[in-house]
Amino acid sequence: DLTCNLKQVRHRLALAAAWAAAAPALTVAQMPTARVGDVTNLQGQGRNVLIGYGLVSGLSGTGDGSRFIPTMKAVAEMMGRFGVEVHSVDDIEASKNTAVVMVEAIVPPHGGREGELLDVHVSALAAKSLVGGRLLSTPLIDHDRDVEGLFAFASGPITADAVTSTTGFIRDGGRLERDIFINVVATGEQL
């Protein structure tokens with residue numbers, strides 16, 4: 001009985017030795033590595049979305065025009081901020097080179113520092129095309145209504161989407177105006 005077990009042990013050792021001889025020797029530098037942050041997520045960590053409502057100018061007749069009153073009101077308000085009185089939206093209804101857009105920027109899951117640049121996505125509400133347009137300076141806020149404050153500004157020339165020209169993006173078109181940190185340290189009162 002002991003000889004049988006000894007034969008099995010020798011057989012297994014021989015197999016292990018053969019496998020070890022056939023396997024290439026890996027140095028520590030060749031071994032695959034991963035950082036903890038690459039393979040884990042913290043609870044609550046995810047996409048932080050900033051949103052805004054802005055104006056695009058420079059469109060070649062593909063803007064909203066008089067058919068979309070919110071655009072006319074936004075243009076009138078912007079002009080009023082610079083001292084140009086617009087008594088009625090009828091005064092600017094012929095303008096077809098502007099459009100109102102929804103603006104979105106995504107803050108990385110780890111957060112961001114003041115001054116960091118973000119890519120910005122733009123979607124027209126009523127315009128036929130955003131080709132050739134430029135987003136005017138647009139404040140961005142958190143998508144969660146319970147989170148108050150201005151987080152970033154977005155502006156710049158829009159690169160229209162090749163499939164649907166009513167959406168586009170601005171590479172590095174958003175600038176964080178304050179730090180956004182993900183709180184990962186619990187204090188004594190939070191435990």
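The lining of the largest pocket divides into eight nonpolar residues, three polar and two charged. This comes from a predicted model.

The space in that pocket is about 380 Å³. Its lining holds 13 residues, and L55, A74, M78, R81 and S137 are the closest to the centre.

T62 sits in the loop between β1 and α3. What does its side chain reach? The side chain of T62 reaches the backbone oxygen of S129, at 3.0 Å. Beyond its neighbours within four places in sequence, T62 is in contact with K96, A127, K128 and S129.

Now the rings. Searching the whole structure turns up zero aromatic pairs. F151 does have a charge over its ring: the charged end of R178 lies 3.9 Å from the ring centre.

Two side-chain distances, side by side:

| From | To | Distance |
|---|---|---|
| R178 charged end | F151 ring centre | 3.9 Å |

How values were computed: Residues are numbered from 1 along each chain as its sequence is written. This is a predicted model: local features need pLDDT of at least 70, side-chain atom pairs count only at pLDDT 80 or more; totals for chains, interfaces and linings use all residues. Side-chain values use heavy atoms; hydrogens and water are left out. On a 1 Å grid over the protein atoms alone, a cavity is a set of points where a 1.4 Å probe fits but cannot get out, and a pocket is an open set with protein on both sides within 12 Å along at least five of seven lines; lining residues have an atom within 4 Å of a point. Grid points are joined across faces, edges and corners, and a volume is the space filled by probe spheres set on the points. Ala, Val, Leu, Ile, Met, Phe, Trp, Tyr, Cys and Pro count as nonpolar, Asp, Glu, Lys and Arg as charged, and the others, Gly among them, as polar. Helices (H or I, at least four residues) and strands (E, at least two) are DSSP runs, numbered from the N terminus. A polar contact is a pair of N or O atoms within 3.5 Å; within protein, one must be able to donate a hydrogen and the other to accept it, and residues adjacent in sequence count only if both atoms are side-chain atoms. Contact means heavy atoms within 4.5 Å. Rings of Phe, Tyr and Trp (its six-membered ring) pair if their centres lie within 6.5 Å; planes under 30 degrees apart count as stacked, over 60 as edge-to-face and the rest as tilted. A charge sits over a ring if NZ of Lys or CZ of Arg is within 6 Å of the ring centre and within 35 degrees of the ring normal.
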